[in-house]
Amino acid sequence: MSHATAVRPVLDLRGIDKSFGPVRVLHDVALTAYPGEVTALVGDNGAGKTTLVKGIGGVHGFDAGEYRFNGEPVRPRSPRDAAALGIEVVHQDLALCENLDVVENMFLGRERSNGLALDETAMEEAARRTLASLSVRTVGSVRRRVSELSGGQRQTVAIARAVLWDSRLVVLDEPAAALGVAQTQQVLELVRRLADKGLAVVLVSHNMNDVFAVSDRIVALYLGRTAAQVRTADVTHRQVVELITSGRTGDLGLPA
């Protein structure tokens, strides 16, 4: 997709700082995510990825910098604020309830009712429709308990739940970290379909093969700073690894 000035980023972070006490975790970070694209966020352990994701999702407030969503300056102060804007973060722990079924998990905290009773039919239909729109056929019955699902199926439910709420931006934190090859492939295909539906997707991953398979852009963090924001097609595996490990590669990256 070519990005003339006509395409406005869904998420535009600039000059982001965040400290915890005396420890500066993020310094002058920039990250831009466009509709219809997967932006991979990469960096070593301790680079600041988790703090950045929590800030985007309203768990932490940023100390300084611009946070723009759909072109407007925003300051989400809680995950609820972020969700109201259209931001869904799928954390590594997924936050699914094992003892509930797929439908109950997808509507957790946002149940639909008709009068006093829960509208089970409407919720079940919406869950089925959302899974079908993402071409998900791996879950089976939407009335299966989450405890019976595989890791890949659980990840699928968590991602579908994010889509159910008309999100504009979905942030996925290491969605394939604990999965085998076949399940990873299913999840990556699902990530791509989210972007193809017009959402902006931020994918946090340490797996370079996954990053190059599915992303349009890469943002590399190094010691709490943005080393580079690049189109995936313009860099090699080796260059991205160098950005992650040393903050620069050739002419690209942080000043020496």
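Strands here, like helices, are DSSP runs numbered from the N terminus (helices are H or I with at least four residues, strands are E with at least two). S1 and S2 pair in the antiparallel sense over seven bridges, where pairing requires that DSSP finds at least two bridges between two strands. The two strands make a hairpin with two residues between them, and Gly21 in that turn shows a positive phi of about 60 degrees. All this comes from a predicted model, in which local features need pLDDT of at least 70 and side-chain atom pairs count only at pLDDT 80 or more, while totals for chains, interfaces and linings use all residues. Residues are numbered from 1 along each chain as its sequence is written, and side-chain values use heavy atoms, with hydrogens and water left out.

S1 (residues 11-20) also runs antiparallel to strand S4 (residues 64-69), and five bridges join them. Leu11, for instance, has Phe69 as its bridge partner in S4. Put together, four strands form an open sheet in the order S2-S1-S4-S5, with antiparallel pairing. Strand S2 (23-33) and strand S5 (72-73) stand at the edges with a single partner strand each, so one side of each is left without a neighbour in the sheet.

Next come the domains. The chain is divided into domain 1 (1-86 + 167-255) and domain 2 (95-166), with bounds that come from an automatic or database domain assignment. Between the centres of the two domains, taken over C-alpha atoms, there are 26 Å. Contact, meaning heavy atoms within 4.5 Å, links 14 residues of domain 1 with 16 residues of domain 2. In UniProt, an unreviewed entry carries the annotation "domain: ABC transporter" for residues 11-248; UniProt positions are given in the numbering used here, feature names are shortened, and annotations may be inferred rather than shown by experiment. That span is 34% helix and 28% strand, and its end C-alpha atoms lie 24 Å apart.

What about the pockets? A 1 Å grid over the protein atoms alone is used to find them: a pocket is an open set of points with protein on both sides within 12 Å along at least five of seven lines, whereas in a cavity a 1.4 Å probe fits but cannot get out, and lining residues have an atom within 4 Å of a point. Grid points are joined across faces, edges and corners, and a volume is the space filled by probe spheres set on the points.

The largest pocket has a volume of about 550 Å³. Its lining has 24 residues, with Pro79, Glu88, Val89, Arg110 and Arg161 nearest the centre. At least two lining residues come from each of helix H2 (79-85), strand S6 (87-90), helix H3 (102-106) and helix H5 (151-164). By class, the lining holds 15 nonpolar, four polar and five charged residues; Ala, Val, Leu, Ile, Met, Phe, Trp, Tyr, Cys and Pro count as nonpolar, Asp, Glu, Lys and Arg as charged, and the others, Gly among them, as polar. Two of the residues named above, Glu88 and Arg110, are touched by Trp165, which sits in the loop between H5 and strand S9 (169-173). Trp165 and Ala84 are 81 residues apart in sequence, yet 9.3 Å apart in space, C-alpha to C-alpha.

The second largest pocket holds about 180 Å³ of space. It is lined by 13 residues, and Lys49, Thr50, Gln92, Asp173 and Glu174 lie nearest its centre. Helix H1 (residues 49-56) gives the largest share of this lining, three residues. The classes here are one nonpolar, six polar and six charged residues. Gln92 is in the loop between S6 and H3. Leaving out residues up to four places away in sequence, Gln92 touches Asp173, Glu174 and Ala177.
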